[in-house]
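Visitor: I am new to this structure and would like to learn how to read its features one at a time. Could you guide me, beginning with the surface?

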Amino acid sequence: MAIVVLLRHGRTQSNASGVLAGWTPGIGLDETGRTQAARVAARLSKTPLAGALLSPLQRCQETAKIVLAEGEDRPAPITEDDIGECRYGDWTGRPLKELAKEPLWKDVQARPSSVMFPSGADFPGEGMQTMQDRAVAAVRRFDAEIEDAHGPGAIWLAVSHGDVIKAILADAAGTALDNFQRIVADPASVSVVRYTKEQPFLLRTNDTTSEPIDLGGVSKAAQEANNTDAAVGGGAGND
């Protein structure tokens with residue numbers, strides 16, 4: 001029953017200009033993205049973190065470096081390819097306005113579980129279902145490792161990408177990948193999931209405010225024995 005803070009990287013120039021960066025190397029944060037990451041760092045500065053798992057891509061590495069620079073006893077981050085960006089293949093580096101004219105675009109919107117991105121000369125393609133499967137498996141595996149090492153209620157950070165985080169949240173909500181476009185994960189947004197043996201709990205999604213992120217009450221509640229059922233009627237919340 002660990003708790004994962006899912007953080008999308010801050011804004012990049014590719015985001016601002018409407019280009020699908022994918023696995024293109026050298027895509028770092030722009031000025032706005034650095035400001036966004038600094039705001040998240042301040043919000044999480046008093047939240048204890050037992051671990052950090054990062055996408056290998058530069059924009060996530062830069063975001064994590066800023067966030068983990070604040071606070072005490074920050075963990076050494078671990079890079080994990082399986083929470084890296086979806087491999088968009090031939091779509092990589094192309095403007096979204098251009099891609100929206102492709103026949104595959106409609107399937108990406110309505111039937112993403114059926115989508116296999118075509119491989120290009122420089123970038124391999126991947127199925128969106130494969131992307132979700134690898135990302136969810138990596139997050140659940142690391143979550144279990146954090147709980148084993150630090151106990152229930154331990155909080156950890158995962159820094160990843162929009163589609164990847166949306167896919168993880170869809171799984172946590174128990175909804176099909178074909179519904180994941182209903183979920184929003186803006187740059188530098190925070191979402192929070194608590195996994196249990198019975199089911200995950202969605203605690204927060206697409207939070208881009210400036211308020212401190214206080215998960216102390218949730219962490220304390222997660223440490224209580226047999227606290228794996230949902231409260232009928234909604235419960236009293238956490239102090």
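Guide: This is a predicted model, and its accessible surface comes to about 11,200 Å², with 48% of that area belonging to carbon and sulfur atoms.

Visitor: What share of the 239 residues is buried?

Guide: Buried residues account for 50% of the 239 residues in the protein.

Visitor: How many helices and strands does the secondary structure have, and what pattern do they follow along the sequence?

Guide: There are 8 helices and 6 strands, and reading along the sequence gives the pattern β-α-α-β-α-β-α-α-α-β-α-β-β-α. The radius of gyration is 18 Å, close to the 18 Å that the globule rule gives for 239 residues, so the protein is as compact as a globular protein of that length.

Visitor: Which residues touch the most other members of the largest nonpolar core?

Guide: In soluble globular proteins, nonpolar side chains tend to be buried together. Here the largest nonpolar core holds 38 residues, and those touching the most other members are Val4, Leu6, Trp91, Phe117, Met128, Trp156 and Ile168. Among the elements that give two or more residues to this core are β1 (3-8), β4 (155-160) and α7 (162-173), while α6 gives the most, with 8 residues. Another core, of 21 residues, lies apart from it and includes Leu7, Leu44, Val67 and Leu68.

Visitor: Which residues is Met128 in contact with, leaving aside its neighbours within four places in sequence?

Guide: With those neighbours left aside, Met128 is in contact with Val108, Pro112, Val115, Phe117, Asp163, Leu177 and Phe180.

How values were computed: Residues are numbered from 1 along each chain as its sequence is written. This is a predicted model: local features need pLDDT of at least 70, side-chain atom pairs count only at pLDDT 80 or more; totals for chains, interfaces and linings use all residues. Side-chain values use heavy atoms; hydrogens and water are left out. A nonpolar core is a set of buried Ala, Val, Leu, Ile, Met, Phe, Trp, Tyr and Cys residues joined through side-chain atoms within 4.5 Å. Buried means under 20% relative accessible area, exposed over 50%, partly exposed in between (1.4 Å probe, protein chains only). Helices (H or I, at least four residues) and strands (E, at least two) are DSSP runs, numbered from the N terminus. Contact means heavy atoms within 4.5 Å. The radius of gyration is taken over C-alpha atoms; the globule rule is 2.2 Å times the number of residues to the power 0.38. Accessible areas come from the Shrake-Rupley method with a 1.4 Å probe; for residues, only the protein chains shown count as cover.
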